[in-house]
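Subject: Structure handover

Hello,

Here is the structure we talked about passing on. Please open it alongside this note.

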Amino acid sequence: MSKAPSVRALAAQALADIALSGHSLREVADRALPRLPDARDRALLTALLNEGARWWPRFDAALDRLLDKPIRRNEPVIHALLVTALVQLEILELAEYAAVAATVEAVRELRRPRLAGLTNAVLRRWLRERQTLLTALDAEPATRHAHPAWLAAAIARDWPDQTDDVLTAANREPPLMLRVNRRRAERAVVADELRAAGQQVELHPWLADGLVLPHSTDVTRLPGFAEGRFAVQDGAAQVPADLLALTNGQRVLDACAAPGGKACHALERADVHLLAVEADARRAPRIRQNLDRLGLHAEVVVGDAGDTSAWWDDQPFDRIMIDAPCSATGVIRRRPDVRLHRREADIAALVAQQSRILAACWKTLAPGGRLLYVTCSILRCENEGVIEAFLRNHADAAVLAVALPAGQPAAIGWQVLPGDGDLDGMYYALLEKSAN
């Protein structure tokens, strides 16, 4: 039997894939975690990958100050290993001697013994010059908050009064939020079952189906998960079911539906006929898996929501929800690798795609019907900018008021910023089609 890799060596290889090769954190973690038999090692690996991705822009820049010659191109895994070492020292606050010694040993395990001395010297220098280096990193918003410079500037432009709060919130561990499946359980009963299993659980104060746990955990091992009594869903993503005002018998379209959380919530709320459309054939099966576990039924179609000829039967929908493809800048605290993979050049293409999907789906909406446009972005151009342009070309569209206990009014619609009410960042615009 081959020896299991050390946590730090495995973390370095995985983080290099995430930060330097563009792989998603979820994909890499799913591949790496099963290689560690010990639960404590898996927990440390999870922390190193999440915090490594979250703080990469800060500690990647720190290494440029510590190294005479960058190694990220020629030795990407060792560069990533050094980032994980700084994460251990500054974020996880592990003992200095343990973090340094284990990192140097991981260099040897990674078959780079000639770099063991360099690794030790870099980390020792960090410890000697820590305060000076931290002060220099804190002097720039991008490295202080570990955001790419373009995104830090965009947030400052769009949300000048909330910039520091938004950037700070993106670096905090989010709570774990659950949505109770009211077709199979009562919220208070599920909460009691979880408390009996040793979990700290609170009822969400204004989301009728929401439960809040302070920390992430393996939900598949919680009582009731396998029986479909609840699902994982951030509170901001639970809002659409309330805004849609669903009633029995309605025809509902969930465009851009994967992984299916919002579709499932709609079906838990009312006996509706729901069509879930998803463009990515690799993600569409997750919709079906979630439906099956929760005991729900919907028609699932793989197709482009912006090309209705591929999936629409000419029967209008009473309700439409568009969870549009977006920059995901509102969920960086939960998906820290977004800050590594998203580029400023991506935004214009996303806006064009959002506008195309919105215009196409509007044609399928019945007179008097309602369409909810949602993104997990905090960039105004993807949100009220898209809606404003749409309204200029659609005289039959009226904006309905949205007001929530968390967030603030946008120029059009409602914006929840990361951390508002301890929710992810999300935008909502509710439109109604004139009956004439």
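Predicted model: local features only at pLDDT ≥ 70, side-chain atom pairs only at ≥ 80, totals over all residues.

Residues are numbered from 1 along each chain as its sequence is written, and side-chain values use heavy atoms, without hydrogens and water.

**The pocket**

The second largest pocket has a volume of about 210 Å³. (A pocket is an open set of points on a 1 Å grid over the protein atoms alone, where a 1.4 Å probe fits, with protein on both sides within 12 Å along at least five of seven lines; lining residues have an atom within 4 Å of a point.) Its lining has 14 residues, with W56, P57, P148, R339 and L340 nearest the centre. Eight are nonpolar, two polar and four charged. Helix α3 (39-66) gives the largest share, four residues. Domain 1 (7-146) and domain 3 (235-433) both contribute to the lining, so the pocket lies between them. The domain bounds come from an automatic or database assignment.

**The strands**

Strands here are DSSP E runs of at least two residues; two of them pair if DSSP finds at least two bridges between them. β3 (residues 210-213) runs antiparallel to β1 (residues 176-180), with four bridges. L176 has L213 as its bridge partner. β2 (residues 202-203) is also antiparallel to β3, through two bridges. There, E202 stands opposite V212. A hairpin of six residues links β2 to β3.

Is β3 covered on one face or both? Both: G210 and V212 on one side, and L211 and L213 on the other, are all buried (under 20% relative accessible area, 1.4 Å probe, protein chains only).

Best wishes

Methods:
Points joined across faces, edges and corners; volume = space filled by probe spheres on them. Nonpolar A, V, L, I, M, F, W, Y, C, P; charged D, E, K, R; others polar. Buried < 20%, exposed > 50% of the residue type's maximum accessible area, 1.4 Å probe, protein only.
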